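The sequence and the model are shown first.

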Amino acid sequence: MRLSVIGCGYLGAVHAAAMASLGHDVVGIDVDEAKVRSLSLGRAPFHEPHLEPLLAEGIAAGRLTFTTDMAAASGSAVHFVGVGTPQQKDGDAADLTYVGAAIDGLLPYLAPGDVVAGKSTVPVGTAAELAPRVEATGATLVWNPEFLREGWAVKDTVDPDRLVVGVPTSSTTGEPDEAGAAAADVLREVYHAALANGAPFIVTDLATAELVKVAANAFLATKISFINAMAEIAEVTGADVTQLADALGHDVRIGRRFLGAGIGFGGGCLPKDIRAFSARAEELGRGESVAFLREVDAINLRRRRRAVDLVVEALGGSVFKKNVTVLGAAFKPHSDDIRDSPALDVAVRLHGLGAWVTITDPAALENAQRLHPQLNYVAERDDALREADAIIMVTEWDEYRRELTPEHAATLTRGRIVVDGRNGWDAAAWRAAGWTYYGMGRP
Ligand code: UDX
């Protein structure tokens, strides 16, 4: 099938490459010339495992091209729209400028029977608002949210947990109308490989599809803040939040995943999506329904400050002119993404308190340096650890969590203080090696 993907950022680039790997003919379209050039050469403009081989394979097979020319969309059966929906500069709501521009830019190239499939995360109600413009061309607008995780984006796209497609429905029955049912069939064909693998294919209305995405992210964020709230209680009672999470996780209704207490969530999705959801709910007169999300956000931000306080406490009440090595800058491992990174926030706060902060990260160093040039960046982990008075792990890369032993670290640092911002280390092992270990929500 011939497909176009409008917007070749994180979501779009991965989607385009993944669809080509399934045998489709795909054209990726983006306004950013540098991005298009890089992708055309098989180079991903960001760090994502397994993406570059997929790009190379699609390009070599002649099934994958990238361009800045929207006219290239003409002739595609499905046009995926995966442009960004960042947080507005002056508020919490999502900025829909790019989505609107992409749809409007696409209109002249649509033909009757085409499917326009929105993938961007949007406030509920957006698709219904955009639909008339698309329908005027004879095409059908559906919403097909994307649940990919950075670092696992290729796997999540090729082999998703579920596929959700919101289609136009009849106002009397609530069932997909004729165009909606036909569009759902087209997407079934696009995703035939995932369906053959057993992925559930959920056809619903536009609003539900939009909501599935924001509700999923709101739930995940809530789960993390829940355990971080328990960490706050653990801190004043001597309880251990990691043992608590293990015990809770055995209840299959709760599950252990996303119960990792630490410095909290960041990245390009969860923080902005819960804020946009709150803003949208308020617009709809239902702010109180998701008022708890404001609390989820507040707990999350408090944990970053707590990590900083722990370093200060560990160093005897002040970090002024102390060497603090920060292990990690990315918002999570396997990513070079520093958007709303709790790791960098902690580093910047320590710097603000007068510490000599040295940061290292296997992938995100350049991005971090561009954003915060005032900090000291060191590429090699061991070089970064030399002469440190204290270490704080803020991104749980294997290089730190698994491969850095307390014995080895002790040969490099000056002090023996370690703060585990991700509760990733074996506290007993560090203590046995002579370190003072501080965890998040651990005694
Ligand atoms: C998230 C959703 O998981 C994905 O489905 C959606 O499409 C986009 O947003 P992503 O931002 O890639 O994906 O990261 P995710 O793996 O969900 O982690 C988000 C943040 O939560 C990270 O900062 C991570 O460190 C933090 N986290 C995760 C915790 O603090 N504790 C946990 O137990 C799990």
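## The open sheet

Six strands make up an open sheet, ordered S11-S10-S9-S12-S13-S14, with parallel pairing. Strand S11 (376–377) and strand S14 (436–439) lie at the edges with a single partner strand each, so one side of each has no neighbour in the sheet. Strands pair here if DSSP finds at least two bridges between them; helices (H or I, at least four residues) and strands (E, at least two) are DSSP runs, numbered from the N terminus.

This is a predicted model, in which local features need pLDDT of at least 70 and side-chain atom pairs count only at pLDDT 80 or more, while totals for chains, interfaces and linings use all residues. Residues are numbered from 1 along each chain as its sequence is written.

Strand S9 (residues 323–327) runs parallel to strand S12 (residues 390–393), and four bridges join them. Val326 stands opposite Ile392 in S12.

Helix H12 (residues 292–314) packs on the sheet, where it touches S9, S12, strand S13 (417–420) and S14, and its direction makes about 165° with that of S13. Helix H13 (residues 342–352) also packs on the sheet, touching S9, strand S10 (356–360) and S12, at about 160° to the direction of S10. Contact means that C-beta atoms, placed from the backbone, lie within 7 Å. Axes are lines fitted to C-alpha atoms, for helices over the stretch in contact, and angles run from 0 to 180 degrees between N-to-C directions.

## Helix H13

Eight of the eleven residues of H13 are buried, so the helix is largely enclosed by the rest of the structure. A buried residue has 20 or more other C-beta atoms within 10 Å of its own, with C-beta atoms placed from the backbone. Those of H13 include Leu344, Val346, Val348 and Leu350. Their cover includes H12, S9, S10, helix H14 (365–371) and S12. Gly354, with a positive phi near 95°, follows H13.

## Helix H11

Helix H11 (residues 270–283) has 14 residues and reaches 20 Å from its first C-alpha to its last, close to the 20 Å expected at 1.5 Å a residue; the expected span is 1.5 Å times one less than the number of residues. Among its buried residues are Leu270, Ile274, Phe277 and Arg280. Helix H9 (206–237) and H12 are included in what covers the buried residues of H11. Gly285, whose phi is positive, near 75°, follows H11.

How values were computed. Two residues are in contact if their C-beta atoms, placed from the backbone, lie within 7 Å. A residue is buried if 20 or more other C-beta atoms lie within 10 Å of its own, exposed if 12 or fewer, and partly exposed in between; C-beta atoms are placed from the backbone.
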